[in-house]
Amino acid sequence: REDLWVREGKILNPEKLFFDEKGSADIQLDCKDSIIAPGFIDVQINGGFGVDFSLATDDFKSGIDLVSQKILSHGVTSFCPTLVTSPPSVYHQVLPQISIRNGGAHGAGILGAHLEGPFISKEKKGAHPEHCLRTFEAGAFQDLLATYGSLDCVRIVTLAPEMKRSSEVIQELTKRGICVSLGHSVANLSQAEEAVQHGATFITHLFNAMLPFHHRDPGIVGLLTSDKIPAGRRVFYGMISDGIHTNPAALRIAHRAHPKGLVLVTDAIAGMGLAPGRHTLGQQVVEIDGLNTYIAGTKTLSGSVATMDTCVRHFQEATGCSVETALEAASLHPAQLLGIEHKKGTLNYDSDADFLMLNDGLYVQATYIAGEEVWRQDALGM
């Protein structure tokens, strides 16, 4: 019911404006009973609209620009372009072309790359190509550096913690402010706990590409209720809430066990926003059939074509949680995971004015970045 005050791209404390400056608003907008929420942050998105972030193309930059523009309509105001397991040549070509930048009318902001693989388990590779998988057994962090080439724009690395020398690698990445995520892994619970003690803070798409929960050794899933997490630390976990990757009951179990750690991710691939048929995911050909995406000729799930706003609606419906809780899983929690909650993910005073207007059904009506409208649903509902 209140007013939201914005000035110079930030959310303003109006008290200062009234009492100190005796000012008032230059522009007033009637939000017509919309819900105002922080902009969504997608920390795992492989591409969309025909663009695949794991393909080294000459027009890679224009591809990333296209995706960042198009996801504004899904309420995403910043994201981590994600690369699946690829040959070193791809990382060496693509990573220098990803630059961290603010969002605006040109598109959602880029927070840095998420490198999912190639240091993952063969047994749980999912849609990742086996011939590109690697280990860092020989040189630990140096092997990782040689594979990626540069870590300048990297925000998240997903790896399998059971790999030899992973503790050293996790510590080195964490030291550089890079978030380490556990995934595509056959780790048991004590290996997962050890990884967290060395600095890992995230789990890549919980339940997918990991050992299923077992009561005697709950594996990575057990981190949600582990008592071995260092004091003052929180483990976050990504979930693809598209109704396909995880049964609604599994989504409810995770949410009830550890609500403050849930981060909604799309894991969207190049086919998001396109017609069903054949598309790519890095080195693989994938087939889209409705909301299902498989590696061509198999029943192996390979990313999703769900949009972030769809994931938020599905999560809210599946868990019966409050609207605020559903919105925070796509905004506050990813911001906390990346350590940027003082700037993004909330509507607090002095934070970036990246926000959405949504109707009661949680459909996005308008998207704002730094206080400027960057997308609006037109009258025709397009």
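Student: What does A306 touch, leaving out residues up to four places away in sequence?
Tutor: A306 touches D242, T266, A268, M272 and C311, where contact means heavy atoms within 4.5 Å. Keep in mind that this is a predicted model: local features need pLDDT of at least 70, side-chain atom pairs count only at pLDDT 80 or more, and totals for chains, interfaces and linings use all residues. Residues are numbered from 1 along each chain as its sequence is written, and side-chain values use heavy atoms, with hydrogens and water left out.

Student: Is A306 buried or exposed?
Tutor: A306 is buried, at 4% relative accessibility. Buried means under 20% relative accessible area, exposed over 50%, partly exposed in between (1.4 Å probe, protein chains only).

Student: OK, new topic. Which residues does the UniProt "binding site" annotation cover?
Tutor: E116, H184 and H205, according to the unreviewed UniProt entry. They are spread over 90 residues of sequence yet cluster in space, with a largest C-alpha distance of 11.0 Å. UniProt positions are in the numbering used here, feature names are shortened, and annotations may be inferred rather than shown by experiment.

Student: Where does E116 sit?
Tutor: In strand 9, residues 113–116; strands (E, at least two residues) and helices (H or I, at least four) are DSSP runs numbered from the N terminus. E116 is buried, at 2% relative accessible area.

Student: And where's H184?
Tutor: In the loop between strand 11 (179–182) and helix 6 (189–197). H184 is buried too, at 3%, and its contacts include E116 and H205.
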